[in-house]
Amino acid sequence: MSNIKVSVIMPMYNAKKLVSYSINSLLAQTLKEIEIIVVDDKSTDDTYAYCKELYRDEPRVRIVLAEKNGGPGEARTLGISLAVGEYITFLDSDDGIMPEALECMYAEAKKYNADVVHTTGILIPVAKSMPDDLMSLPENRLCPTTQDKNATTETVVLSSDIGKRMDGWLMHMYQGNVWGKLFRREFLVDNEIVFPKMKMMEDIIYSLKALLTAKTYVQMPGNFIIYRITNESTSRGKRNTAFVAKLLRVMLQTNIEIPKCFNSVDYFEDHPEYITKTMKVLTAVGETMYVGPAYQKLGRETVEQDPIVRAVWEDFFGLQADYVSDLWYRNMDRLPPVADNLDMYDTYEYWEKKLEEHLAKESE
Amino acid sequence: MSDIMVSIVIPMYKASSFIVECVGALCRQTLKETEIILVDDCSPDDTYEKCVNAFRDDNRVTVIRQEKNGGPGKARNTGIKRAKGKYIAFVDADDSYVLTALEEMAAAAERFNADVLHVSGAFVTFTKNMPMDLTTLPDDELIKMQLDREVFDSPTLITNDMKQRLDDWLAHFYHWNVWSKLFRREFLLEHEIFFKDLSLSEDKNFCLNCLLHADKYVKMKGFYYIYRNEIESLSRGKVTPAFLAKTLRTLFRISECMRAVLETSDFVADNPQYIDIVLEKCTSSLDKNYVTPAYKKLGREAAEKSAEVDTVFRELFGAGSAYIKKLFFDAHDPLPAPDESAGDMNTYAFWEKMVEKYGQGAVIEI
């Protein structure tokens, strides 16, 4: 039997510039019984060879190569299949993790014999010039932010009532990222919790499935992951038809994956209304925050005539593509003007202000 | 070779109260070389037994029972396969023909050896005392309905130019009913023209199929078929979730069924742009004339709760159906409610207004 307590899975793609800092933040964990499985998602540069060489003599780091570029979900699935640890966690290749993180989370996991340990927040690095090594920032440049609504201030075991868990999820009380969580490996295997084959949102669906399946789901306060922001509003120019097509595909896939995710949970046989409610939350986010601003900027005609967008409708609906897409366009045309503030959370200015507020509160 | 000139195929569903009189009237047609094929679509009442008993000794009448309920299209297909006549006519169980109808229609068809004989008009009943036997109605209780845009004074062989035919079809020159027409039986069999599995628009699909394949398509003016009107509207305010489900199922199947027909045409193969035009026309007309009114009358709440409606979406869109259902509701909610003042063509009140407007005895174009 292996003595590895936590296997950390890290997908990477063309990540040469930053990945070593991320891996080093894991090697610096106070919890030593860990393995780090880094999955190269067929980078087009020499990321794989670079990491292989860099960690040649580090027995806790394993670098593997995916057979094809399938997105972070598929890369993580490959990583999980190779993992031997008692618990699984994830980290992205451009983020960092505080040294005591895994030790704290693992301790809670053991204390409650948890299937899942879920931390409530993250740290946003606030620096005019973002360093490659996030760990080099002093603590007063890290802005703690709680992602869960009404987050708990002490460790709690969630009610086993699935309805209550769902109600909380619908109220955004349990964020869907897969990092900042520990998953008991056998729990994942026994319950066949796998990443759906999607390029986005796969983490939200994965986490939701775990929330609905876990016998013991522990939520603990904690801000351990340092989440890198781009420091600039880069995506505005990317609000093109390709962006709409990508988001549309994700939304339509989500609509197929969510019911699948619910089907395996007995509770929903008697409570099918949750499927509709979940869909409403996810599509409202997709339509208003992501697709909406791009759609309104481009206009219906441009979107409708774009061959990539058309291909998405045809992939999903075949002969019904014209009719179903027309329903969607009609609804999008009725959406009131929506602000394009997705990028706001990626800007230094926004977080500098948040950090000042936080530091002021602390000194009081 | 059989000496039957016309096989009259009648699909029946819960037709117990009037079917015997209906068949009786058809037996009095001046054309005697006919057979009547009654196909009971698995009615839960005694329609089948009543017909079997009533026509036991009449060798012109054949009574068949479908093993399970499949809609009028499937029942008519059964009839086509059993028919022996040179031509086939379709009659709905509560309707009728004027007594000389089949004689005159068959004569016109024979003159051209027509594949399809298309009559551009029909009668609709206009009476407050609806008889069982519609052939007994006096002239002033029947209204002449003009169904097509284009009318010829004498029977005319129409063009074989398929582009012209399709363009004219799109412009409503060829009404889609199956009851004001004769179809040469061997023409249908040769081109494997049958009714598709649709609950609405199956007649439109069938007629377009004929138009695309008929070498000799003959149009004539005239009023022969008698369409039974309701004295009061039965449907208004009484839309059920099952009816909405039926309109939706048709809406989602119509493209596939129309495409299947279009793809049998060499002309369409060379001019594929017609596929999109025809599909869009069929879909939008179904949505506008059937689905939207049914949805608006039923209301979102009832539609959302209905298991039958849910099944339609689920069958077609599988796991992701809930989102498509929501898209459908959201897109239809802002549409205006159907215009009740325009009237329901199946009511006395509607035709009363039309007669006032056009005068007694006038031909009313619809």
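Predicted model: local features only at pLDDT ≥ 70, side-chain atom pairs only at ≥ 80, totals over all residues.
**Notebook: contacts, domains and the chain interface**

Residues are numbered from 1 along each chain as its sequence is written, while chains are lettered from A and ligands numbered from 1 in the order in which they are written.

I then looked up the domains, and found chain A divided into domain 1 (6-226) and domain 2 (235-342), with bounds that come from an automatic or database domain assignment. The centres of these two domains of chain A, taken over C-alpha atoms, are 27 Å apart, and their contact takes 14 residues from domain 1 of chain A and 13 residues from domain 2 of chain A.

I turned next to the two chains, and found 18 residues of chain B in contact with 19 residues of chain A. On the side of chain B that touches chain A, α8 (241-262), α10 (273-298) and α13 (321-332) of chain B each supply at least two residues, and the largest share, 8 residues, comes from α13(B). Helices here are DSSP runs (H or I, at least four residues), as are strands (E, at least two), numbered from the N terminus.

Last, I noted that the C-alpha trace of chain A spans about 55 × 50 × 50 Å along its principal axes.

Methods: Contact = placed C-beta atoms within 7 Å.
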